[in-house]
Amino acid sequence: MGTSVLSVRIDGELLERLRRHAARRGMSVQDYVVRTLIRSDFDERFRAAVEETERFYGVT
């Protein structure tokens, strides 16, 4: 899997919040944002899998 570049324009206040959150975890802002996106994507896929399993087994 290759890598790509994504450029995002955000306001200064949001960038500062991201910097603080990243610093608490000893991460760069880039790493923090990427890990947050990956975690969010996993959560969505997991929720979809649970819902599909419930439909399959008839759980309501």
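Tutor: Start with R55, which counts as exposed because its relative accessibility is 55%, and the cut-off for exposed is over 50%. Keep in mind that this is a predicted model.

Student: Which element is R55 in?

Tutor: R55 sits in helix 2.

Student: And how far is R55 from S4 in space?

Tutor: The C-alpha atoms of R55 and S4 are 37 Å apart, and 51 residues separate the two in sequence.

Student: What about F56, buried or exposed?

Tutor: F56 is exposed, because its relative accessibility is 63% and exposed means over 50%. F56 also belongs to helix 2. From F56 to M27 the C-alpha distance is 41 Å, with the two 29 residues apart in sequence.

Student: Okay, different topic. Where is S28?

Tutor: S28 is in the loop between helix 1 and helix 2.

Student: What does the side chain of S28 lie 3.0 Å from?

Tutor: A polar atom of the S28 side chain lies 3.0 Å from the backbone nitrogen of D31. T53 is another matter: S28 and T53 are 37 Å apart, C-alpha to C-alpha, and 25 residues apart in sequence.

Student: Now D41. Which helix is that in?

Tutor: D41 is in helix 2, which covers residues 29–57. D41 is partly exposed, because its relative accessible area is 37%.

Student: Which side chain does the side chain of D41 make a polar contact with?

Tutor: That of R45, at 3.0 Å.

Student: Let's zoom out. How many helices and strands does the chain have?

Tutor: The chain has two helices and zero strands. The radius of gyration is 17 Å, well over the 10 Å that the globule rule gives for 60 residues, so the chain is more spread out than a compact globule.

Student: What box do the C-alpha atoms fill?

Tutor: Roughly 50 × 25 × 20 Å, along the principal axes.

Student: And what share of the residues counts as buried?

Tutor: Of the 60 residues, 5% are buried. The accessible surface of the chain is about 5800 Å², and 54% of that belongs to carbon and sulfur atoms.

Student: How many of the lining residues are nonpolar, polar or charged?

Tutor: The lining of the largest pocket has 13 nonpolar residues, five polar residues and no charged residues.

Student: How is empty space like that found in general?

Tutor: A probe the size of a water molecule is rolled over the atoms, and this shows where empty space is left.

How values were computed. Residues are numbered from 1 along each chain as its sequence is written. This is a predicted model: local features need pLDDT of at least 70, side-chain atom pairs count only at pLDDT 80 or more; totals for chains, interfaces and linings use all residues. Side-chain values use heavy atoms; hydrogens and water are left out. Helices (H or I, at least four residues) and strands (E, at least two) are DSSP runs, numbered from the N terminus. Buried means under 20% relative accessible area, exposed over 50%, partly exposed in between (1.4 Å probe, protein chains only). A polar contact is a pair of N or O atoms within 3.5 Å; within protein, one must be able to donate a hydrogen and the other to accept it, and residues adjacent in sequence count only if both atoms are side-chain atoms. Ala, Val, Leu, Ile, Met, Phe, Trp, Tyr, Cys and Pro count as nonpolar, Asp, Glu, Lys and Arg as charged, and the others, Gly among them, as polar. The radius of gyration is taken over C-alpha atoms; the globule rule is 2.2 Å times the number of residues to the power 0.38. Accessible areas come from the Shrake-Rupley method with a 1.4 Å probe; for residues, only the protein chains shown count as cover.
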